[in-house]
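Let's walk through this structure together, one part at a time. Please keep the 3D view open as you read.

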Amino acid sequence: MMINLTDMKTVRSILSRHGFHFSKKLGQNFLVDPSVCPRIAEEGNAAPGFGVLEIGPGIGTLTQQLALRAEKVTSVELDQRLLPILEETVGEFDNLHILQGDILQFDVPQLLEQEFPGMHVAVCANLPYYITTPILMHLLESGAPIDSITIMVQKEVAEKLQAPVGTRNSGAITAAVNYYGTVEMLFTVPRDSFLPPPNVDSAVIRIDVQKRYAADTKHPKHFFAMLKNGFSQRRKTLVNALSATMHYEKPVLLDALRELGLSETVRMENLTMEQLVALSNCLSEKDSSGEEKV
Ligand code: SAM
């Protein structure tokens, strides 16, 4: 019979039997709310025909729900101390493969090809919050054939990710993620759904990967460099931010803004996705006659 990993008494007894202590450094807040994991699995495409990559299984609470529904689940856990616990809690699933390591060190396309041949692929995770952005960018930039990424993140991060590009709440990460897909906020999760409770509330989002703007972007490296630099000084006008960080001459930037029909005083945070792509295309074309700016 499947162990109930949302029953506090059971969880505490497993953890104490294994002498396990939570690592704050590794972002270890385990889900103990029985309604959350089935919902992530359902909304995250854990279904027949799908291989699911899970990042950070912890003691296996979400893993159980994924393995009950998906064709195959591969879970990557950094903390070696959790391996004997996972053997006890989810060892019974023969469609589950647990790998020990840092997800950021994996070659994602190679991993998916090896683990999920001929399957659609979804990523599901209750992410360690200290590396939310690096993990997201590692998955998206790898170009791996992933259909969707359904993740629990800090509520503020979820709000930033789903803010329309060109509005005050958006940032470099919003535009970067929109470059690869569409973001949908699924539901919020209060802090007391975790053991131990974190200091912040959380939310589950799903990114449907479609590479929406890739075809229109002439120089992706320039586009991402422009986002990083422009948003690092977001309170300045775009002209001041990009001349300071990417060393463009101001007349070159003013020229580009004029060509695109944009005001001289516009800021990075005012531009829509289409305008950001157009600006990068315009500036990188100007670069090709001179110095490279990435
Ligand atoms: N999935 C479990 C749950 O929902 O209860 C645990 C989620 S906990 C927020 C994050 C997990 O990610 C921890 O088990 C932690 O050890 C693991 N982790 C932290 N950094 C990692 C990394 N770089 N690669 C893989 N796993 C990591």
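How far apart do the C-alpha centres of domain 1 and domain 2 lie? They lie 33 Å apart. Domain 1 covers residues 8-211 of the protein chain, and domain 2 covers 216-284; such bounds come from an automatic or database domain assignment.

Before going further, a word on what you are looking at. This is a predicted model, in which local features need pLDDT of at least 70 and side-chain atom pairs count only at pLDDT 80 or more, while totals for chains, interfaces and linings use all residues. Residues are numbered from 1 along each chain as its sequence is written, and side-chain values use heavy atoms, with hydrogens and water left out.

By definition, a salt bridge is a side-chain nitrogen of Lys or Arg within 4 Å of a carboxyl oxygen of Asp or Glu. Across the interface of the two domains, the rule finds one salt bridge, whereas a search of the whole structure finds 14.

Stay with E269 for a moment, and find R234. These two residues form a salt bridge as well, with their closest N and O atoms 2.9 Å apart. The pair links distant parts of the chain, 35 residues apart: R234 sits in the loop between α9 (220-232) and α10 (238-245), and E269 in the loop between α11 (250-259) and α12 (273-287). The helices named here are DSSP runs (H or I, at least four residues), numbered from the N terminus.

Finally, turn to the ligand. Which residues are closest to it? Of the 23 residues that surround the ligand, the closest are L31, G56, E77, D102 and N126; to count, a residue needs a heavy atom within 4 Å of the molecule. A polar side-chain atom of E77 lies 2.6 Å from an oxygen atom of the ligand, and for N126 the corresponding distance is 2.8 Å.

How values were computed: Polar contact = N/O pair within 3.5 Å; in protein donor to acceptor, adjacent residues only side chain to side chain. Helix = DSSP H or I, 4+ residues; strand = E, 2+ residues; numbered from the N terminus.
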